Amino acid sequence: MAKLILRNKEFDVSAGMTLLAALKKANIIPESVIATRAGEMVLEDEILKDGDVIKLIAVISGG
Amino acid sequence: MRQHKLALCKEHYLEWIPEQTERFIKKYAMFTKAEKILVAVSGGKDSLALWDILTRLGYQADGMYIGLGIDGGIEYSDESKRLTEKFANEHNLKLHIVDVEKEYGQPIPVLAHVSHRGKGKPCAVCGLAKRHEMNRIARDLGYDVLATGHNLDDEAAVLFGNTLVWESEYLLRQGPVLPARDGLARKVKPLCRFYEREMAAYSIARGIEYIYEECPFAEGSQSIYYKELLNQMETARPGAKLTFYLRFLEARKNGNLFIEKNTAAAHLHPCPKCGQLTSTDDFCSFCRLIEKAAASTPTG
């Protein structure tokens, strides 16, 4: 399993799928976040590995 | 960047963004290296990235931070001010700080409350005050240009909202450059062709420390709702947001919109109190807001 973290929410997703597929599975709009692992950005076509912890940074701002 | 069919490594990405910014500055004739630029900086990713890019490109860019007095349990204004000052100090840049409460007696949430504007949320008053103060400082300190960090998502969301209700006068004014008029500085948006996600990526890759927290009052706002809708379209059709905005600019430039090309049709005149342009017959909205707030605030 891999884990996506967005603000205070955590989503468990299966390893072996791309980040893009994992985001869609977790109902997160890919355009609205940037994914990082250990401080480095992760691309959407990267395949998630078992134990990956992906921190998602929300990019939408405005009021 | 699926909309550009382009993949870059970190090093080249950090070169590509400033190069493209320079291209947009020239394409839309925003400003030259001889002009004095005031950058409106909020402590967020876009405005700090803009300030970073302009100084790297060799422009004379000073910053201006407006203290809004928003706490929201996360000391939002204090933290955004701290990050803005940190950036300015680390890069040895000139920063002007305006505090709304010190200047007008009340912070934004109180001004909004006492003026009964904005249906319980201070966003309308906040936007009005920011526009007013940006214009005032740029004019009073003699800047040629006022630059803001609006990105393509900001512009597309505004365009989407105005199109939904066919706000022809607003559509007439929207664009990368608002020309100088009656003593007010030219307004420019050098990041208007970059996606919000691209600017966040630039700030992170560049190591710019910006405020991740959203304004506590932004939750549930109309602009965020429009951005989410546009992002759903973008996920399904990469490039949808860019096409939406660029085709609008093209149509406006070519006179292909249903609206008249003549901007003089939008009737504006100087406010008798502050001199900024207004469409009302008397004082501008901001001056009326301050008068109302002053009248309702107990003295002594």
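User: Is Glu75(B) buried, partly exposed or exposed?
Analyst: Keep in mind that this is a predicted model. Glu75(B) sits in the loop between strand E2 (60–67) and helix H3 (76–90) of chain B, and its phi is near 50°, a positive value in a residue other than glycine. A residue counts as buried with 20 or more other C-beta atoms within 10 Å and as exposed with 12 or fewer. Glu75(B) has 13 C-beta neighbours inside 10 Å, so it comes out as partly exposed.

User: And Asn92(B), is that one buried or exposed?
Analyst: Asn92(B) is found in the loop between H3 and strand E3 (95–99) of chain B. Its phi is near 55°, again a positive value in a residue other than glycine. Around Asn92(B) there are 7 other C-beta atoms within 10 Å, and the cut-off for this class is 12 or fewer. That makes Asn92(B) exposed.

User: What is the orientation of H7(B) relative to H11(B)?
Analyst: Helix H7 (residues 152–164) of chain B and helix H11 (residues 240–253) of chain B have axes that come within 10 Å and cross at roughly 65°. Angles of 65 to 115 degrees fall in one class, so H7(B) is roughly perpendicular to H11(B).

User: Which residue classes make up the contact of H7(B) with H11(B)?
Analyst: H7(B) brings Leu152(B), Asp153(B), Glu155(B), Ala156(B) and Leu159(B). From H11(B) come Lys241(B), Leu242(B), Phe244(B), Tyr245(B) and Phe248(B). Sorted by class, that gives seven nonpolar, no polar and three charged residues.

User: What is the handedness of the crossing where H2(B) passes H9(B)?
Analyst: Helix H2 (residues 45–56) of chain B packs against helix H9 (residues 196–206) of chain B at an angle of about 65°, with the axes 9 Å apart. As H2(B) passes H9(B), the crossing is left-handed.

User: Over in chain A, what is the radius of gyration?
Analyst: Chain A has one helix and five strands, in the order β-β-α-β-β-β along the sequence. For 63 residues the globule rule gives 11 Å, and chain A is close to that, so it is as compact as a globular protein of that length. Its radius of gyration is 11 Å.

Definitions and conventions: Residues are numbered from 1 along each chain as its sequence is written. Chains are lettered from A and ligands numbered from 1 in the order in which they are written. This is a predicted model: local features need pLDDT of at least 70, side-chain atom pairs count only at pLDDT 80 or more; totals for chains, interfaces and linings use all residues. Helices (H or I, at least four residues) and strands (E, at least two) are DSSP runs, numbered from the N terminus. The radius of gyration is taken over C-alpha atoms; the globule rule is 2.2 Å times the number of residues to the power 0.38. Axes are lines fitted to C-alpha atoms, for helices over the stretch in contact, and angles run from 0 to 180 degrees between N-to-C directions. Angles under 35 degrees count as roughly parallel, over 145 as roughly antiparallel, 65 to 115 as roughly perpendicular and the rest as oblique. Two residues are in contact if their C-beta atoms, placed from the backbone, lie within 7 Å. Ala, Val, Leu, Ile, Met, Phe, Trp, Tyr, Cys and Pro count as nonpolar, Asp, Glu, Lys and Arg as charged, and the others, Gly among them, as polar. A crossing is left-handed if the near helix is turned anticlockwise from the far one by less than a right angle, and right-handed if clockwise.
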